[in-house]
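Biologist: I am new to this structure and would like to learn how to read it. Could you show it to me, please?

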Amino acid sequence: MALAASTACLLSGCMSYGETVVYQLYQTNADRCAQNETDACVAMLQSSCDAPASVCTNYAPEFQAQASRQLSRACQSNDDASCHALDAVACDNGDSAVCDRLREDYARLYSSCKLGDASDCESLSLSVWPKAQTDLAINQCENGDTIACRVASSSASAMKVTVDKNAQFATF
């Protein structure tokens, strides 16, 4: 029986459990991103790859490039959410001018929301924010800030996977 399994593995190629899980997460987000789901595109662009190097080099860059193209096309078509998402990724990648602008946008929306502007509350919680802003919202949420809790819960889309990367099974 073990010989049959190892032969099948050799014939069809094996992927570790960790590789398969990460691949499936990226593929799911790639599919959602293609359906104009901004959060899926951002999750792909912001996530780190915890799988073995072969998955990171073979699959993640392809899907991240797809996400970037999808967001760029939507942004060029005047889709504010996509432009904002690209800004969040640019900030995470160290663009300080973009970070400053996003901090100002966040502060403006937060203040307006706190004063009772429902549309700004919705904009605040539906927008994708850079990691630093999300971390701040998480801290404020832990201190009882309900507005920050809405931001923190909607921004928590980064994919982190803890799996047994050495488990092997055949892929058919």
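Biologist: How many aromatic pairs does a search of the whole structure find?

Modeller: Happy to start there! This is a predicted model, in which local features need pLDDT of at least 70 and side-chain atom pairs count only at pLDDT 80 or more, while totals for chains, interfaces and linings use all residues. Residues are numbered from 1 along each chain as its sequence is written, and side-chain values use heavy atoms, with hydrogens and water left out. A pair of aromatic rings is described by the distance of the centres and the angle of the planes. Rings of Phe, Tyr and Trp (its six-membered ring) pair if their centres lie within 6.5 Å; planes under 30 degrees apart are stacked, over 60 edge-to-face, and the rest tilted. The search of the whole structure finds 2 such pairs. In one, Tyr 106 and Tyr 110 have ring centres 6.2 Å apart and planes at 20°, so this pair is stacked.

Biologist: Which parts of the chain does the pair of Tyr 106 and Trp 129 link?

Modeller: Distant ones: Tyr 106 is in helix α7, and Trp 129 is in the loop between α8 (118-126) and α9 (131-142), 23 residues apart. Helices here are DSSP runs (H or I, at least four residues), numbered from the N terminus. Tyr 106 and Tyr 110, by contrast, are 4 residues apart in α7, which means about one helical turn. Ring pairs join Tyr 106, Tyr 110 and Trp 129 into a cluster.

Biologist: Is Trp 129 buried or exposed?

Modeller: Buried means under 20% relative accessible area, exposed over 50%, and partly exposed in between (1.4 Å probe, protein chains only). Trp 129 has 2%, so it is buried. Tyr 106, at 4%, is buried too. Arg 108, also in helix α7, has 47% relative accessibility and therefore counts as partly exposed.

Biologist: At what angle do helix α6 and helix α7 pack?

Modeller: Two packed helices are described by the angle between their axes and the distance between the axes. Here α6 (residues 80-92) and α7 (residues 96-114) pack at about 125°, with axes 8 Å apart. The two are therefore oblique to each other; angles under 35 degrees are roughly parallel, over 145 roughly antiparallel, 65 to 115 roughly perpendicular, and the rest oblique. Axes are lines fitted to C-alpha atoms, for helices over the stretch in contact, with angles running from 0 to 180 degrees between N-to-C directions.

Biologist: Which residues meet there?

Modeller: Among them, His 84 and Asp 87 in α6, and Val 98 and Arg 101 in α7 (contact means heavy atoms within 4.5 Å).
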